[in-house]
Amino acid sequence: SWELLTGRRLFAADTDSATLAQVMECRVTPPTTLRPSLPPALEQVTLRMLEREPAARFSSCEDVASQLDAWLRG
C-alpha cells in the first residue's frame, strides 16, 4: 500500500545487497512526506502494516480491511 500511495519503491537501492540492508533496517518514510494530501488515517493504517515488530502490526488481513472500511465510511 505504501508504494501505491506514493508511486515509489519503499526499499530501493543501487544493489541488491544495499536494498536488503534497507529492508532489514525497516526505516519507513511516512507517505505524507511524499504526498502531504494523504488522509492521516490512511497513513496510520499503512504504517501499522509496515511495523518492524510483528506484534505491532495488524493481526490479520480482516483487521486491515476493517480499518480501511471504517476510514472509507468515516
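This is a predicted model: local features need pLDDT of at least 70, side-chain atom pairs count only at pLDDT 80 or more; totals for chains, interfaces and linings use all residues.
Let me begin with the helices. Helix 4, which covers residues 40–49, packs with helix 5, residues 61–73, at an angle of about 170 degrees, and their axes are 10 Å apart. Because angles over 145 degrees count as roughly antiparallel, that angle makes helix 4 roughly antiparallel to helix 5. On the helix 4 side of the contact we find Ala41, Leu42, Val45 and Met49, and these meet Val64, Gln67, Leu68 and Trp71 in helix 5. Sorted by class, that contact has 7 nonpolar residues and 1 polar residue, with no charged residues.

Next, Trp2, which lies in helix 1, residues 2–6. Is Trp2 buried or exposed? Its relative accessibility is 5%, and so Trp2 counts as buried. If we set aside residues up to four places away in sequence, Trp2 touches a list of residues that includes Arg8, Arg9 and Leu10, then Val28, Thr29, Pro30, Pro31 and Leu34, and also Thr46 and Leu50. As for Ala41, which we met in the helix 4 contact, its C-alpha atom is separated from that of Trp2 by 13 Å, and the two residues are 39 apart along the chain.

Finally, the cysteines. How many disulfides does a search of the whole structure find? That search finds 0. Cys26 is in no disulfide, and the nearest cysteine sulfur, that of Cys61, is 17 Å away. Cys61 is likewise in no disulfide, and, at 68% relative accessibility, Cys61 counts as exposed.

Definitions and conventions: Residues are numbered from 1 along each chain as its sequence is written. Side-chain values use heavy atoms; hydrogens and water are left out. Axes are lines fitted to C-alpha atoms, for helices over the stretch in contact, and angles run from 0 to 180 degrees between N-to-C directions. Helices (H or I, at least four residues) and strands (E, at least two) are DSSP runs, numbered from the N terminus. Angles under 35 degrees count as roughly parallel, over 145 as roughly antiparallel, 65 to 115 as roughly perpendicular and the rest as oblique. Contact means heavy atoms within 4.5 Å. Ala, Val, Leu, Ile, Met, Phe, Trp, Tyr, Cys and Pro count as nonpolar, Asp, Glu, Lys and Arg as charged, and the others, Gly among them, as polar. Buried means under 20% relative accessible area, exposed over 50%, partly exposed in between (1.4 Å probe, protein chains only). A disulfide is a pair of cysteine sulfur atoms within 2.5 Å.
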